[in-house]
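Open the model in your viewer and keep the selection tool at hand. The tour below goes from one selection to the next.

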Amino acid sequence: MQFLISMHINPAVLDALTDEEKAAIGAGHGQFIQALKESGELITTQALVDPSQAAVVRVRNGQPAVTDGPFLEAKEYLGGFYLIDCEDKDRAIELAAQVPDAAIEGLGVEVRQVMFADGLLEA
Amino acid sequence: MTTPAIEDLLRELTPQVLGVLVRRHGQFEGCEDAVQEAILAAAVQWPAEGVPGNPRGWLVAVASRRLIDQVRSDRARRERESATAAEPAPGDVPGSDDTLALLFLCCHPALTAASQTALTLRAVGGLTTAEIARAFLVPEATMAARISRAKQRIRAAGSSFAVPAGAERADRLRVVLHVLYLIFNEGYTASAGSDLHRADLAREAIRLARLVHAELPADGEVSGLLALMLLTHARHEARATPAGDLIPLEEQDRGRWDRALIGEGTGLVCAALAGPALGPYLLQAAIAATHADAATAAQTNWRQVHALYLILERIAPNPMVTLNRAIALAETEGPLAGLALLSALDGDERMAGHHRLLSVRAHLLEKAGDPAGARDHYRRAARATASIAEQRYLQSRASRLRTRLPP
């Protein structure tokens, strides 16, 4: 079963962390990625640029209208994700709990099963 | 010989060659890699140069050479090599138990189900890592890591290449059958996604179940599992529209069911039912055979289906079985009786919010003349499923009811 573990970051929370804490998050992700690769559960992982760099595109009457900034004005934004293939939802939740962000006050990760996939896995 | 015929031959020979190597050298992990390399070499050479006179002997020779190269190039394994060389070489005749012994090894209890299925498909089924990865919709690197981890686990568990005896044998056989069942199901309905038929996996599961049945023809559960697969696969042409929309059993064109598979499956069920043991696979196969026996949906012997589910519920209690019994009960005693049985499942946390419970309740509410309740449950079921084909079907049932609802 494939699941997306999405990391919902809050730039204010991340900015308030010490350098050591930030380094620990980076190291934690590195170890997590390595373990997922070895167990044969990692499909891919990606991290996104700061939400301030986002562009929102809306097409009205056939004309695209582009605005800077994220789609929703919120405190939390999608910061990145892990796409995994594992035994069941319990295992996906167990893995999600190992994502360093999950242990930081004010942050959390979300687990959702994948329903359709195409492109990446074409042989 | 044509390339597909060569591929079939190679997959048939894979467990035999691997069996010879493992019995001669031990170390399943290295032997499995060596056999995979020999199979790949044959897949390239044989179509161009012709199939050798003794294809099995050719593969054993090439795989043994690869294994020895591998051992020599690995300094850490030097000692083990000399230990192996000191042992008397057993004969090269494949024991009839080799396939079973390999299956028992691949379905080792130390592995997760996902690893058991992957390793079984590679070591016994003769599929390449790339083919297995494609079938399970994961990148090849992910599948390669999973298979390699599985082989390390087996080595760490110190498992021997032998068919276990007594109660352990029965336990392990149960795991083997479960793994084959999972492979079949993965092919039959993808657990997620829009690809309804991954028929190759279903066919592969049937081929492997036939291998086990050939070894254990008197085992009722082995016969039952093979029959269940055949009877289910017989419907695969009829169970979806060309656009991929699901067609429920009662609306399927039964003229498109595969009569040859039904005949074979029904024959297996009848023979096994005469035997001493009545297990869950055999009972499920008997239910599938009862459906296959009905010329039209209206002629289904629901009393027999209900009776079989009742026995199944007693020997292997499971909320999913109760759910299916409720469908049969609704056909014999009316939808309200079915709904009453469903309410017994409401407290079961394994079923809370499960799309099957929601969709069966929707179906029975529709039959009971409650279109508003049915529509609500179809829509909730559509939200709960992870299958796009199923979601589309449930949404279409819901909108069909909306057009009938008073404004």
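How many residues does the contact take from chain B, and how many from chain A? It takes 19 residues from chain B and 17 residues from chain A. Keep in mind that this is a predicted model.

Stay on the side of chain B that touches chain A. Select helix 6 (113-123), helix 7 (129-135) and helix 8 (140-156) of chain B: each supplies at least two residues of that side. Helix 8 of chain B gives the most, with 5 residues. Coloured by class, the residues of this side of chain B divide into 11 nonpolar, 5 polar and 3 charged.

Next, select chain B by domain. The assignment gives domain 1 (1-87), domain 2 (98-157 + 166-216) and domain 3 (227-300). Show domains 1 and 2 of chain B together: 12 residues of domain 1 are in contact with 13 residues of domain 2. On the domain 1 side, helix 1 (3-25) and helix 2 (28-49) of chain B each supply at least two residues. The largest share of that side, 7 residues, comes from helix 1 of chain B. By class, the domain 1 side has 5 nonpolar, 4 polar and 3 charged residues.

Chain A has 3 helices and 6 strands, and from the N terminus on its elements run β-α-α-β-β-β-β-α-β. The C-alpha trace of chain A spans about 50 × 45 × 25 Å along its principal axes. Of the 123 residues of chain A, 18% count as buried. Among contacts in chain A between residues at least 6 apart in sequence, 75% join residues at least 24 apart.

Note on methods. Residues are numbered from 1 along each chain as its sequence is written. Chains are lettered from A and ligands numbered from 1 in the order in which they are written. This is a predicted model: local features need pLDDT of at least 70, side-chain atom pairs count only at pLDDT 80 or more; totals for chains, interfaces and linings use all residues. Domain bounds come from an automatic or database domain assignment. Two residues are in contact if their C-beta atoms, placed from the backbone, lie within 7 Å. Helices (H or I, at least four residues) and strands (E, at least two) are DSSP runs, numbered from the N terminus. Ala, Val, Leu, Ile, Met, Phe, Trp, Tyr, Cys and Pro count as nonpolar, Asp, Glu, Lys and Arg as charged, and the others, Gly among them, as polar. A residue is buried if 20 or more other C-beta atoms lie within 10 Å of its own, exposed if 12 or fewer, and partly exposed in between; C-beta atoms are placed from the backbone.
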